[in-house]
Amino acid sequence: RCLKAMSHDIEYSEKYADEDYEYRHVILPKHIAKTMTKGRLLLETEWRGLGVTQSRGWGHYAIHKPEPHILLFRRPNNTDPVTGLAPGGKRIDPTGKIIN
């Protein structure tokens, strides 16, 4: 199957937040998860290359070892989804934290 067809099998959670960050998790089906780099956080180009599609500013911030096919994402609250910049035009690192 081509990547476009496979990306339809990816499940996206609703967004949830605390006082600092907005979060979501993405569940990759096994046939996609088998192709991903294991044991480290993925860069945006890598998770997009797997077929994950979401607005800008999200960072892969943690690995849930029992379920590595579930990608955990975060970005600062009020991040611009078009530019991917945090409030005040601040840039965000690959794990979703503001770069000072």
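**View 1. Tyr61 in strand S4.** Tyr61 belongs to strand S4, which covers residues 59–63; helices (H or I, at least four residues) and strands (E, at least two) are DSSP runs, numbered from the N terminus. The model is predicted, so that local features need pLDDT of at least 70 and side-chain atom pairs count only at pLDDT 80 or more, whereas totals for chains, interfaces and linings use all residues. Residues are numbered from 1 along each chain as its sequence is written, and side-chain values use heavy atoms, with hydrogens and water left out. Tyr61 counts as partly exposed because its relative accessibility is 25%, where buried means under 20% relative accessible area, exposed over 50% and partly exposed in between (1.4 Å probe, protein chains only). Leaving aside neighbours within four places in sequence, Tyr61 is in contact (heavy atoms within 4.5 Å) with Tyr23, Leu41, Leu72, Phe73, Arg74 and Thr95. Tyr61 and Asp93 are 32 residues apart in sequence, and their C-alpha atoms are 9.8 Å apart in space.

**View 2. Arg75 in strand S5.** Arg75 lies in strand S5 and counts as buried because its relative accessibility is 3%. Its side chain makes a polar contact of 3.0 Å with the side chain of Ser55, and a polar atom of the Arg75 side chain lies 2.8 Å from the backbone oxygen of Arg56. A polar contact is a pair of N or O atoms within 3.5 Å; within protein, one must be able to donate a hydrogen and the other to accept it, and residues adjacent in sequence count only if both atoms are side-chain atoms. The C-alpha atoms of Arg75 and Tyr61, 14 residues apart along the chain, are separated by 9.2 Å.

**View 3. The largest nonpolar core.** This core, a set of buried Ala, Val, Leu, Ile, Met, Phe, Trp, Tyr and Cys residues joined through side-chain atoms within 4.5 Å, has 13 residues, of which Val26, Leu28, Trp47, Val52, Leu71 and Phe73 touch the most other members. Helix H2 (30–33) and strand S5 (70–76) are the elements that give two or more residues to this core. Apart from neighbours within four places in sequence, the contacts of Leu71 include Val26, Leu28, Met36, Leu42, Trp47 and Val52.

**View 4. Gly88 after strand S5.** Gly88 is found in the segment after S5 and is exposed because its relative accessible area is 84%. Gly88 and Asn78, 10 residues apart in sequence, are 9.9 Å apart in space, C-alpha to C-alpha.
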